[in-house]
4 protein chains.
Amino acid sequence: MTLSSQASRTGVWLIGARGAVATTTIVGVRAAARGLVPLRGVTTAGTRGQGLPFPAPEAMTFGGWETRAGSLLESARALGEGGRIFDPRLVETLASDLAMVDREIVTGGTRGIPPFGEREIEEGRHEESAPEVIARLRADLSAFRRRHALDKLVVVNVASTEPAFTIGEEHLTLRALEETIASQRGVALRASILYAYAAASEGAAFVNFAASPAALVPAIRELAERSGAPYMGTDGKTGETLVKSALAPLFRERDLRVLSWHGSNVLGNSDGETLDDPAVRAAKVESKDATVRSILGYTPATSVDIRYLPSLGDWKTAWDLIHFEGFLGTRMTMQFTWQGSDSILAAPLIIDLVRLCALALARGERGPMTHAACFFKAPVGSNEQELSRQYAMLDQYLRRARVVAVSPRKAAS
Amino acid sequence: MTLSSQASRTGVWLIGARGAVATTTIVGVRAAARGLVPLRGVTTAGTRGQGLPFPAPEAMTFGGWETRAGSLLESARALGEGGRIFDPRLVETLASDLAMVDREIVTGGTRGIPPFGEREIEEGRHEESAPEVIARLRADLSAFRRRHALDKLVVVNVASTEPAFTIGEEHLTLRALEETIASQRGVALRASILYAYAAASEGAAFVNFAASPAALVPAIRELAERSGAPYMGTDGKTGETLVKSALAPLFRERDLRVLSWHGSNVLGNSDGETLDDPAVRAAKVESKDATVRSILGYTPATSVDIRYLPSLGDWKTAWDLIHFEGFLGTRMTMQFTWQGSDSILAAPLIIDLVRLCALALARGERGPMTHAACFFKAPVGSNEQELSRQYAMLDQYLRRARVVAVSPRKAAS
Amino acid sequence: MTLSSQASRTGVWLIGARGAVATTTIVGVRAAARGLVPLRGVTTAGTRGQGLPFPAPEAMTFGGWETRAGSLLESARALGEGGRIFDPRLVETLASDLAMVDREIVTGGTRGIPPFGEREIEEGRHEESAPEVIARLRADLSAFRRRHALDKLVVVNVASTEPAFTIGEEHLTLRALEETIASQRGVALRASILYAYAAASEGAAFVNFAASPAALVPAIRELAERSGAPYMGTDGKTGETLVKSALAPLFRERDLRVLSWHGSNVLGNSDGETLDDPAVRAAKVESKDATVRSILGYTPATSVDIRYLPSLGDWKTAWDLIHFEGFLGTRMTMQFTWQGSDSILAAPLIIDLVRLCALALARGERGPMTHAACFFKAPVGSNEQELSRQYAMLDQYLRRARVVAVSPRKAAS
Amino acid sequence: MTLSSQASRTGVWLIGARGAVATTTIVGVRAAARGLVPLRGVTTAGTRGQGLPFPAPEAMTFGGWETRAGSLLESARALGEGGRIFDPRLVETLASDLAMVDREIVTGGTRGIPPFGEREIEEGRHEESAPEVIARLRADLSAFRRRHALDKLVVVNVASTEPAFTIGEEHLTLRALEETIASQRGVALRASILYAYAAASEGAAFVNFAASPAALVPAIRELAERSGAPYMGTDGKTGETLVKSALAPLFRERDLRVLSWHGSNVLGNSDGETLDDPAVRAAKVESKDATVRSILGYTPATSVDIRYLPSLGDWKTAWDLIHFEGFLGTRMTMQFTWQGSDSILAAPLIIDLVRLCALALARGERGPMTHAACFFKAPVGSNEQELSRQYAMLDQYLRRARVVAVSPRKAAS
């Protein structure tokens, strides 16, 4: 970590800052900064990232938006005690660190958006106009940057999944989107659009880890290109889909024709609660379902069920049944069960992604970070879904970055 | 298939010619030759093999060694009816084809070998000396080649697993092995060594699909190099290990530390019966177990159980439990169950491998066919265990072969 | 079987007579009648039924209603060949038997019912009025009885699941139902009500094996009591729910508190296709879900998913996850997977139930056959859901029946 | 709990008193005595035990034998922290209680036994003779009883499984056993025999929860009858076998013929470590395997694997595959996975059993407590293996005991 100077601080601004994923990320980074735990699962901290100027845990400053009440310490205790996903005593050790981060978490939200229309405005159900929301969010980011003299700023969307979203004319160009925002009449806005708009306006890198594609509509990408901001997404690949992206190539390479691929997901965290709404579930299912079709190159009967079972908490259990046909038409089956803690699986990815954003900002890159495809269910700017090929893309990018990083002329960067 | 001329016939000589794998292979090739079924699972017959002179189903002539009694038709009926692994009516349609192949199956075996020592010789328990066995086996092969005017000959070992084997001084050089054979005193011989010796002597390509490493000891490889024969092996990767080689990279790439990886295999075919003997099982378990260690680069607690449950027949069921540690030391689990017909999974691989051998013979290649690593649990000449990388090796080889195949000067080959 | 005289023939009239369950039942009974297979799974044919005058396979005469086109032989071939659920050669052996049964299958259906209202009548979309439908159905039954000089008649509902049904005032008394039928205006009729009405009017025993509770509304039960007909149902317990009813008592007896019990069912037969309609699924899920609550005596979070995956055909796969809490609040899990052929599991139960109906008719019993609770998901007339207690009820009934059957005075019956 | 007077204290003497099961039991009872947790899983504390004079948690006094070093607090911390099987903060709250119990735990063990023969005696490898061991163990028990003015004493064997044991002439009668003990020459002794001998001599009830049948050989039973002591065992039914005893009746009742039943068990606690020794495993496998055969009434192919995977700790995972045949010979499968904490599952049973022993002592019962069959894999004095019938036996016993308990004349007892 000798390459990361103290002078170069990276700000990490979390959307949904006291949610399970954000809390676990903050607990882990602070615990690593204090030398209490290794960065298990953060692969840029291993051989993969050697020789590259990634920010160390102690160089990361956290802040964010949150709409729910409660403190970060309470969130951490709930995960450590009730959820039994990490040692509850770790939380107590980090109590003062968590309190310090908590002071950087401000009330986010978009008050009445999404979506809002004439009636809401007439009834005064929205407290701010969309331009006012954006102005407020931008002010939050720039104050955070100033307050900590941050060299780089990364905004990470780990908010709950938004309801299914249909892209329209008003999302295709920056001009059209800005007109929609100004007009105050559109039902086409989503909270994530306003968050991403504010981030791109402030030149922050954007990590769309949530399963909300709205954040990266073409208009937002156009804005990011203009303001020189890199971005990546959508929908972190942490469990069942991760396994699919490793397993599906087996069936393609062996020409074992997949007839049906069914996945059942049960989970009990707030993500599960949100997904219990059929409209929200539809969005999530789509990105989970596309992986298999994309890798196989044909369309078997696929289905994905998601069920909210509160008792499971952050422990998501997925059961997949793969029914396939081999030589002489013989039909066979494979099943798998994945029992993992969503937040524990997501947190190291968040850290990897923040580090990759910091590297991209340092290298002056902008636009879609396609080399991060391995971390997402619906990678932005890439059609590659196969895990091994996605990692080959990442490793190739890092090799190139390393050549530059260690070449004499660039040593100053 | 226009590239495969009638003039160029490939002989396929199966060791264990009426076993389940051999029978399924023959049924499938004959059914495809008659246009009754597609070659599902034979990937060199798809895009992968385009533009290369592989033998078509109708250009393959079958023969082989068998020690058990019974006819090929009976074996096929047992699989089609009792085992329900393919349509029993297909067997009846192919009855005359199977009878014709049956006439090419001769009594194999090595009568008293392995292993035999002084006492067996004194007691007359062996009917032939090792040199006599080899002479007989070579005569079988050359007669088969002559009888059918075969252009190329491929010997495929699909016999039952041999007991665990320890390599010794006498297997390291061809000279040492030949002295051992001549001396008649060694306990160091295995049936598979004599089969492979005969094949290499006759310039036949050798596919060591069985889980018997003895067939490809250094002395045999030396002989193959001399006689210009290509070879590949060992232990076809058809089920549980195939899944391991696709899944284990996920854990490495995500830095999810595997603590334990346990596999339970239950099966009911003759392979299962053989593996019920602890000495035989030990050999098989070793090659199944090494995959995970090799891909991960460290040594978790691994274990593999194999149990013979006759009622399952050719349907092997494997249950794997993977216990792993993620961020903040949290422990999670994944399980999978694989329910496949061993013979149905193996047969298309055999066809692919015969085709690759025919291509190698046509190209004048000799020595280990490392590009076939994706088909084996313990690939000869390669340490690569990861499925995606193994297929990249195969595809690279085929791309190169294609360049040569379509270049004008080589068109004649 | 010496107790079943030739003179005493039992007619079995199947609603959905060429469906998978009916076809498998007919194939099995005919194969047993010809001595080709044992009655595996028919437990009244074993020790359980000893000494009681049950009809033998050869004493059962089949007929029924069907709305779909095609022949019974075609249905049987589809199951034997495509579905691989029984030996296709058995079907050919029984071809003439199946043709003979086929002649007893008449066009059933209720043409426009359910439900139908004023508009349908105005538009002429219903061809018959409800009283006309009933008259036709009754005529079918009485002709069947006469044609074969049947001693006893059992009507078995194995039709597809009907959409979710709400019981109303018009179903509570026979008078109210008959007014509704006569009025021609109600939307409260279901096909199953008309079938059951016809059966009860003809004094036939009624087995409501389908998941359609409408067939046994109070008005129908009243009619059955009057006409002296016994009945049983609802929704045959063949797979996942069967396992639940054996497993749930374990958790209750050990005071392992079930927090969540989730079941995922995937299937590909016509039942699955029907259940793909959310309205139909709702009805089925309710009866599957109640078992656990009833046995445990409290209400854990339960959920049941049903998905239609055509490639599975008649092979239903169910995955259940049970999340439970033990001593000191520790949470544990159990999972099970059930892979069974629905029709193969249902057919022997149909035979058992027909035999029990024949016994009840012989004994002059009427009303709900609560002793058959072990065969149903929602047993009529009983709240007992626990498998072992349900079988104790059955065995107690049979013991009593046996006492009567073997006592001298009753020997004539 | 009003029925349990303070005056009537029950001593609970644990063999293996700092093992995982004993520690969890003590933590649970002390936590319940202090009102921190309910007695979840202790079914005699619910409706089942109503109206009967069972000892309350605060009326139980713990002590025991242990051969390993370390303190009870350390054992409890290891389970609460590393094993994450209960809340680690509970352990700290109970620290002084655990220290107090720890003072009642004395060095057990039999020093050189089992087994020991002439050579050990010559070499002085045994420090005490068998009679000396017994005298010491009896002194430990009587001192414990005296020290705490215990009304009743229950000795509970929760020590590690002993190697497979063959019953001989010397175990059949008390006279023969006492001669063997006196002779000092037998290799026929096991530690558990000496423990049980001491317990029976002292009139203590004996709960043989460990998988060591030697403790209850006929000679020991004879001694218990003489001294008026009740006993029960063998091998607590906590997980996979528990499920088997609930599930197997389903297959029998439905006449689904089980062809194969395979169980794989992986576990990482000290029990697992002991069972990694093939000789020890053989004993355990036998009692696990018999359940299915006994319930079905025939002998399918059964097999049980046990593997030690340290990372799993106290969390045992069992996978069972059941291959069965139904109607028309169709073969189907069921699988289940059980993931439970062995100690958490065992502890409430220990408490139930101690309470049942206290009741039996109060009622002056002696000999085998067959009504406790539901708690054991190999119930002493009963062939009943089916869970529902075993619980019916228990409930019947308790009903009878209740009648006596509440009848006026017996109120004094």
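**Interface of chains A and B in a predicted model**

**View 1. Polar contacts between chain A and chain B.** In this predicted model, 21 residue pairs, both members at pLDDT 80 or more, are in polar contact between chain A and chain B. On the side of chain A that touches chain B, two or more residues each come from α1 (20-33), α10 (240-253), β9 (315-325), β10 (331-341), α13 (342-362) and α14 (387-406) of chain A. The largest share of this side, 11 residues, is contributed by β10(A). Sorted by class, the side of chain A that touches chain B holds 32 nonpolar, 13 polar and 9 charged residues.

**View 2. Strand pairing between β10(A) and β10 of chain B.** β10(A) pairs with strand β10 (residues 331-341) of chain B in the antiparallel sense, over 7 bridges. Within this pairing, A:T333 lies opposite B:Q339 of β10(B).

**View 3. A salt bridge between A:D255 and B:R40.** The side chains of A:D255 and B:R40 form a salt bridge, with an N to O distance of 3.0 Å. Across the interface of chain A and chain B, 4 salt bridges are found by the rule.

**View 4. Contact residues and buried area of chain A and chain B.** Contacts join 54 residues of chain A to 54 residues of chain B. Between the two chains about 4,500 Å² is buried, and carbon and sulfur atoms give 63% of this area. In chain A, the residues that lose the most area to chain B are A:R40, A:R254 and A:F327, which together account for 22% of what that side buries.

Conventions
Residues are numbered from 1 along each chain as its sequence is written. Chains are lettered from A and ligands numbered from 1 in the order in which they are written. This is a predicted model: local features need pLDDT of at least 70, side-chain atom pairs count only at pLDDT 80 or more; totals for chains, interfaces and linings use all residues. Side-chain values use heavy atoms; hydrogens and water are left out. Contact means heavy atoms within 4.5 Å. Buried area is the accessible area (1.4 Å probe) that two parts lose on being put together, summed over both. A polar contact is a pair of N or O atoms within 3.5 Å; within protein, one must be able to donate a hydrogen and the other to accept it, and residues adjacent in sequence count only if both atoms are side-chain atoms. Helices (H or I, at least four residues) and strands (E, at least two) are DSSP runs, numbered from the N terminus. Ala, Val, Leu, Ile, Met, Phe, Trp, Tyr, Cys and Pro count as nonpolar, Asp, Glu, Lys and Arg as charged, and the others, Gly among them, as polar. Two strands pair if DSSP finds at least two bridges between them.
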